[in-house]
Structure formats: C-alpha cells, structure tokens
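Please keep it in view while I talk.

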Amino acid sequence: MGRKAKFGDDGAVKQIKGPGRKAKKQKPPKMLPGLPKLEGDDEPKKLSHRQKQRASRRTKKKEERKLIKKEKKKGVIKDDNVKNNNEESDATKNIKSEIVKQFSDSNSSWLKSKNSKSIIPEKDDDIESYDSNSDVDDEVEGENGLESFDEDGLSDDDDYLAGTLDDVDSSNESGIEDTVLKNKKTSTKKRKTEDSDDELLPIEKAAKKLKAAKKKEDAEANEEMKMQINVASQDVFVFPASDKIDEHIPIPEVEQRIKDILLVLSNFNKFREENRSRQEYTELLLKDLCTYFSYNTFLMEKMMHLFPLEDLMSFLEASETPRPVTIRTNSLKTRRRDLAQALINRGVNLDPIGNWSKVGLVVYNSTVPIGATPEYLAGHYMLQAASSMLPVMALAPQENEHILDMCSAPGGKASHIAAIMKNTGVLIANDVNKNRAKAVIGNFHRMGVANSVISTYDGRHIPQLFKNFDRVLLDAPCTGTGVISKDSGVKMSKDETDLQRCFTLQRELLLAAIDSLNFKSSTGGYLVYSTCSVLVEENECVIDYALKKRDVKLVDTGLSFGTEGFTNLRQHRFHPTMKLTRRFYPHTHNMDGFFVAKLKKFSNIISKNDESEDNEEEIETNNVDAETTEVQDINEKPVANIKIPKHGRGKNRAVKNK
C-alpha cells in the first residue's frame, strides 16, 4: 500500500520529501539519563516480511533508474519531443529484457514489469486505498534506518511512476492534466458530501433519503400520467359534432372535457366557437358531470343551479370524500380534557374540533374501534357529526325548560340538549319510527339522560297532544343531498317526486312545531329548523312558507361561521331576513352539507294565505269570512294514557278575530 497521491494546481504530482505523516507527528521515545540499557538495545531490529518486500522493490527501482540514466548519457534514449515517440527503440527493449532477467521466479518468461501509462488511478477508491498501511510502514522504516526517498527525490510509494519514458505519449499530456483536475474535483466534491452526511443524525439521513425517494416517485408518476392520458392538448376547446356527443369516451377524456368546458364558460366571449350558444356548452357539461360523478340528470341540474361553476366541481369532489370522524363529549359524565387524555392513552389521535365547540373532538386515526371503547360503553361520548352539533347550539336550551325534539332518532341531538340542560326540566324526544326510537332509548340509558320522555307520534299531530313548549328542535327528514359522502345512493335515487314529497312533509312539520310553541314563555318561544340538504326547495322555500303562514320571524342563529342563506336564486325571491340563516358545505367548512334557521314566535295567530287553493276551498265550504282561526288546546281533545306535564296545562287561549 502506498501513500495517497497529492496534486498541485497544474495537475502534476507533487514530490513529497521528508518523513511520513505519522513519522513526522510521532517523535521517537527519549530515554531518561542514568537508566541502565536493556539487553539487545544496540542490536538492529529484524525487518518484517512486508518491510523486506518493500526494500527489495526499492532496490529494483533504483537499478532500473540507473540503467535509464546510463542509456540517456550514451544517447540511446532521446528526449520526449522526438516525433516517433510511440515506437520503442532497441535500447529500451534491451533495458526491459534486463529488468525481466532480474526476476528469480520461474514465470519470468511471461512476467513483465509494470507499464503505467496513467499517472493516476481511474477511480477515487483506488486513491483512497493507499492510506491503509503506508503510515505504519513508513514509521517502522524510519526507525530501522531505511531510506524513505531515493537519490532522485522520488518517494518510495510512487510505484506508478516506474517504467520507461516511452510509456507516456507526449500528445496525451494535456488530456492527462484534464483528467487529473477532473478527478480531483470529483473526489473533493464526494468527500464534502460524505463529510456533510457524516455530520447528520440518523433520523436526518433517513429523512433525506425519503425526500429523494419521494421526488423520484413523483417524477415517475408524472411520466406515467403523461403516458396514460393520451388526450391531445388544445389551446381552444373544439365542440364535438352532434353525432359524436352521445358516444362513450374514457373517463380521463371526460374529465379533460369538463375542464375545457369550464374554461370556455369562464370567458365565453373569448373561447367559444362561432354559432355555439352557452346553452349547448351547459348541456354538454351536464351530461359529462352526470357521467363522471354518477348523478342523475335531475339532481345534477339542481346542483348546477345552486352553485357557481367555479364552486361546482369543488362541491362534487368534496361530496365524494368522507368527512372526518367526530365525537361529542357527554358533559353529564365527564369533561372533554379527561376524555381526550383517556382516548390518547388508548392510541387514539385526536384534536379539538374547533373554537366554536367546547365538547367536540375530531379523530384522525385510532388503534382501537372508536365505537367500542370502555369510554364509549360508559357513555362518556357520542359518535356525532360536526354539523349535527350546530342546531343544538343555535337552539341554546336553558335549564328547567320544556323542550321538544320532534324528530329525535337516533338521539344525538336530544342527548346533547339534555346535557346542556343538566338533566333538569322536561325533554320530549319524539320520532314516528318505532324501530328508530329503540336507538334513542339505548343511547339515553348509556349516556345517563334522566329528564326525557320518549314518544312515537306523528310530528304533524304533536300540537293536539303536547303544547306550550319553550323551545322546539325540528331536524326535518330530507333528501340527504348534503350527506352524499355517507349515502352515495342519493345521487341516482332522488327525483322530482321525492323532492316534492320531502318539502311538503317539511312544511307540515314546521307549522306543527310552531303551533306547539308557547310564545309567552319568559325564556323561550324559539324554534330551530335544520336539514342535511343543500337544495333551496327544502330550506329557504320552507322557511319562507312558514313566515307567510304563522306569526314568526327569523332571528340570529348565534353561530359564528357559515354561509348566509339565499335571498334570491333564479326564479325564487325570499324575505330579506333570510340572510340570518346559515348554510354549511363540505368543500367550504369540511363538514356535511347543512342548513340551520332559528325562528321566534310572537303570537298564535294563523294568517290566511290568499294564494293557497286549499284554504280558499275551506273558506267556501264553511262560509267563513274571517281571516283567522282558533288554535285548539289540548284540554279540548284529551288523549288517553298520556301524562301531560303540569306546565303544559292551562286555560283555553282562543284568539279572537280582529
């Protein structure tokens, strides 16, 4: 092993003189004066096998150089600038034959001396391999009096300089210098990178490798996408021919065509084709959206009327993605901080749902089933969507009040109301479906709700059974267009008939809920109407109908976020106070599509609507000219086996005609 080669600025090999690196640093030991000498100190140390080999090679090199010098003096070997430099002279051949004769091995017939045309090794690894044992050997040789440098000043380790002058072509000197500089820069850069990597922690090295791997994967993914999607890039969208519109095309092409049409509609005057109307582009967009997202034409048309084109794609894509799992802390049994700590100890990753709620938690991932933990079975929390907490917050129930939840199953909102009331007052949890009412009973028992009465009456008949409630919550049944991520069957199953049935039922339930309110309540008289739908027909239209039929007004919901309700949309025109209602969208608020409105009742007057044909028929048959009718009290029609709270009993309050 030799010493690592060192190069100057010009690329030439530096001739290092003097002792080796270790021999220079480590001085020989000094004996204290007066100490007796040990036996064998004056005797020279024996050379090792390795040192003997190095000494023999050094002797051969010296003899070889002496022969070359002799031939130069005689003029047999010319200078390097001679033209026929590549052809070996007879004298050089004689020198090589003499060198070969010096081998004592029986293989001297084929064994030849080293012919090193390259001054430096080709790889950096070969250069670095010279450092292994050279320092130790130099130190030992210095101690034994061996010469580290010959009379010409060349190092013992310069084995690669051995050979004749003809071995190096003068025409390749510039190329050799370039190679030396290039290898020098490469080795320096490599050493710097290795040094910087050595300074990094193991976790930092792993992160660096992950970043490089991710970058490589992204590049490969982009190349793969380019190969898969073979859609010709066009500066201007070309409208397909009439006979090709109904042809089946691959989904990637449908997606690309949707983007192109949206671009055209965003600046119609600039990108449209001549003799093409906006309606043609809109109809093609409707067809492609139905194909891409698997909607029926009726529901997709409603969505296109509801959202601007720039928000339409965001809403449709967000509706395909499930919403985060959220839970509500049961304040009757625990606090949110204690519940969060208990779940974290079980391997649940969670965070507070936001500043707007003091009991909500959002669960990112869990190592245990979130619906089967001991805390869940003990009733410490309820699996409940974030949007389902909003109506109860808008209702703002107070202690010792009489509250009605008209459509309570499976009991999430009703148990939330009971927790806010701290198990005081009376809570009527009603649901027309007896099978779903069993879920309400189970959740109430698990969560410790003790102030409730569970009933299974039709909500439209509630005013004939229960009255004079301080607050009423109506989470009306709807088409479910806001929770498509939970039930994808809505996209194809809902049509105009289903929509009409829903908003007719919602109007009847809302009027019944208003009639069951006590407008003279000192703390209440409020009603909250909510749906998990985003359609105007089920939200603003229903509220606007109630404003015309009953003596109620919209009030602020108290929610700090949400989009304002519509005051006008296409052919619809609503009351200006409709801005007080709140809408929530998946793509905007990252929760299910929801609508919340809060009404305040001022009297029991039932206004006559001149535009209603049903009311006109009743007036004609009964020959009633009055503009108002009386609301029947529960005492006029007693119902068997029903316990009426004392608070609900009172004198008949007939409204006189004015």
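Let me begin with Phe307, Phe315 and Tyr585, which ring pairs link into a cluster, where rings of Phe, Tyr and Trp (its six-membered ring) pair if their centres lie within 6.5 Å, and planes under 30 degrees apart count as stacked, over 60 as edge-to-face and the rest as tilted. This is a predicted model, in which local features need pLDDT of at least 70 and side-chain atom pairs count only at pLDDT 80 or more, while totals for chains, interfaces and linings use all residues. Residues are numbered from 1 along each chain as its sequence is written, and side-chain values use heavy atoms, with hydrogens and water left out.

In total the structure holds ten aromatic pairs. Phe307 and Phe315 are stacked, at 4.4 Å centre to centre with 25° between the planes, and both are buried, meaning under 20% relative accessible area, with exposed over 50% and partly exposed in between (1.4 Å probe, protein chains only). The rings of Tyr529 and Phe595, by contrast, have centres 6.5 Å apart and planes at 70°, so this pair is edge-to-face. Tyr529 has 0% relative accessibility and therefore counts as buried.

Turning to packing, the largest nonpolar core has 68 residues, and Tyr529 and Leu527 are among those with the most contacts inside it; such a core is a set of buried Ala, Val, Leu, Ile, Met, Phe, Trp, Tyr and Cys residues joined through side-chain atoms within 4.5 Å.
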